[in-house]
Amino acid sequence: MIPRVLVATAVPAEQDAVARSFTADEPRGTRLAGGVALRRSAGFDLLVVGVGPGSAGARTGAALTAAALAGEPYGLVVSAGIGGGFPPHAPVGSLVVADAITAADLGAETADGFVPVTELGFGTVTHRPPETLVRELTAVSGALSGTVLTVSTVTGTAERAALLRARHPHALAEAMEGFGVAEAAAAAGLPVLEIRAVSNPVGPRDRAAWRIADALAALTEGFGKFAPVLGSWNPYDL
Ligand SMILES: O=C(O)c1cccc(C(=O)CC[C@H]2O[C@@H](n3cnc4c(=O)[nH]cnc43)[C@H](O)[C@@H]2O)c1
């Protein structure tokens, strides 16, 4: 059976960019418990989950639970939107499909440096999307694949960017929702993907220079190529 797909974006502009890739049918809205608005388009359900991992995790979890209780469970969850790219690995305008979704700052600072929660005996800091699906998506789109970090604070200095790359050598991008969405998916026993279109370099803050329109266009173009793969993906190919 073809899995139902939930696509979580932080803000409506990102949702619109995803929806623009579906030329086939008109979206229709549904209201879930707690006032969560769900937009249904071309077989995909699109949900605005807010900025940051807490909001993203809570709203994604609510939508997954509501769907399961209604007897229409999802089979796949996608965190999508714009993000910062680590230069020169992920240039502005490029598209990144996460092969690992990692909480970059979930842990403790010690005299010997940062310690992730897993080394303190708690939880997880990384979720891994299905390898076969990541391979197929990069093959159809030319997207990059690597680690996407989830941060609660947008990186604003070259020093912080270098520190994150030193700690996570496979990191291509950072954003603020992926790990929250992934935690909700994992709690529901579902696979997760994260897709980011790079709007700005990770490094010294220059918000005026963010190329948001270019990144949103890249997201639309990328989703146009991803949608047929996601729509026909068989979870048993995991
Ligand atoms: O102002 C707009 O038109 C607009 C349109 C779409 C999105 C935005 C956002 O500001 C979304 C914030 C969202 O972006 C992610 N993001 C982007 N760059 C970074 C970064 O360098 N580090 C961390 N996160 C980044 C993040 O996921 C935010 O939720 C505005």
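## The shell around the ligand

How do the residues of the shell around the ligand divide into nonpolar, polar and charged? There are 11 nonpolar residues, 6 polar ones and 3 charged ones. This is a predicted model. Of the 20 residues around the ligand, Ala10, Ala13, Gly84, Ala175 and Met176 come nearest.

Several elements build this shell. Helix H1 (12-19) supplies at least two residues, and so do strands S5 (76-85), S11 (171-175) and S12 (192-201). Strand S5 gives the most, with 4 residues.

## Helix H1 and its partner H6

Helix H1 also packs against another helix. A pair of packed helices is described by the angle between the axes and the distance between them. For H1 and H6 the angle is about 40 degrees, and the axes are 7 Å apart. The crossing of H1 past H6 is right-handed. On the H1 side, the contact is made by Ala13, Glu14, Ala17 and Val18. On the H6 side, Leu216, Leu219, Thr220 and Phe223 take part. By class, this contact has 6 nonpolar residues, 1 polar and 1 charged.

Which residues of H1 are buried? They are Glu14, Gln15, Ala17 and Val18. Seen down the axis of H1, these buried residues fall within an arc of 155 degrees, so they line one face of the helix.

Helix H3 spans residues 131-141, and its buried residues are Leu133, Val134 and Leu137. Their arc around the axis covers only 100 degrees, which puts them on the same side of H3. An α-helix has 3.6 residues a turn, so residues three or four places apart point the same way.

What covers the buried residues of H3? The cover includes strand S6 (95-103), strand S10 (144-150), S12 and helix H6 (212-232). The face turned away from the buried side carries the exposed residues Glu131, Thr132 and Ala139.

## Backbone exceptions

Two spots in the backbone deserve a look. Most residues other than glycine have a negative phi, and most peptide bonds are trans. Just after H3, glycine 142 takes a positive phi of about 75 degrees.

Proline 87 and proline 88 are joined by a cis peptide bond, with omega about 0 degrees. Proline 88 is found in the loop between S5 and S6.

Glycine 180 lies in helix H5, residues 178-187. Is glycine 180 buried or exposed? Glycine 180 is buried, because 27 other C-beta atoms lie within 10 Å. Beyond its neighbours within four places in sequence, glycine 180 is in contact with Pro53, Gly54, Ala56, Gly57, Thr60 and Thr150. Proline 201 is 21 residues from glycine 180 in sequence, and their C-alpha atoms are 22 Å apart in space.

Glutamate 174 sits in strand S11. Glutamate 174 is buried too, with 26 other C-beta atoms within 10 Å. Leaving aside neighbours within four places in sequence, its contacts are Gly83, Gly84, Ala104, Leu149, Val151, Thr155, Leu164 and Val202. Between glutamate 174 and alanine 143 there are 16 Å, C-alpha to C-alpha, and the two are 31 residues apart along the chain.

Serine 145 is found in strand S10. With 19 C-beta neighbours inside 10 Å, serine 145 counts as partly exposed, because buried requires 20 or more. Apart from neighbours within four places in sequence, serine 145 is in contact with Val97, Asp99, Val134 and Thr138. Tryptophan 210 is 65 residues from serine 145 in sequence and 22 Å away in space, C-alpha to C-alpha.

Where does tryptophan 233 lie? Tryptophan 233 lies in the segment after H6. With 23 C-beta neighbours inside 10 Å, tryptophan 233 counts as buried. Leaving aside neighbours within four places in sequence, tryptophan 233 is in contact with Pro3, Leu76 and Leu133. Leucine 133 is 100 residues from tryptophan 233 along the chain, yet their C-alpha atoms are separated by 7.6 Å. Leu133 is also one of the buried residues of H3.

Terms used: Residues numbered from 1 in each chain as written. Predicted model: local features only at pLDDT ≥ 70, side-chain atom pairs only at ≥ 80, totals over all residues. Near = placed C-beta within 6 Å. Nonpolar A, V, L, I, M, F, W, Y, C, P; charged D, E, K, R; others polar. Buried ≥ 20, exposed ≤ 12 C-beta atoms within 10 Å, placed from the backbone. Arc of directions from axis to C-beta. Contact = placed C-beta atoms within 7 Å. Axes fitted to C-alpha atoms, helices over the stretch in contact; angles between N-to-C directions. Left-handed = near helix turned anticlockwise from the far one by under 90°.
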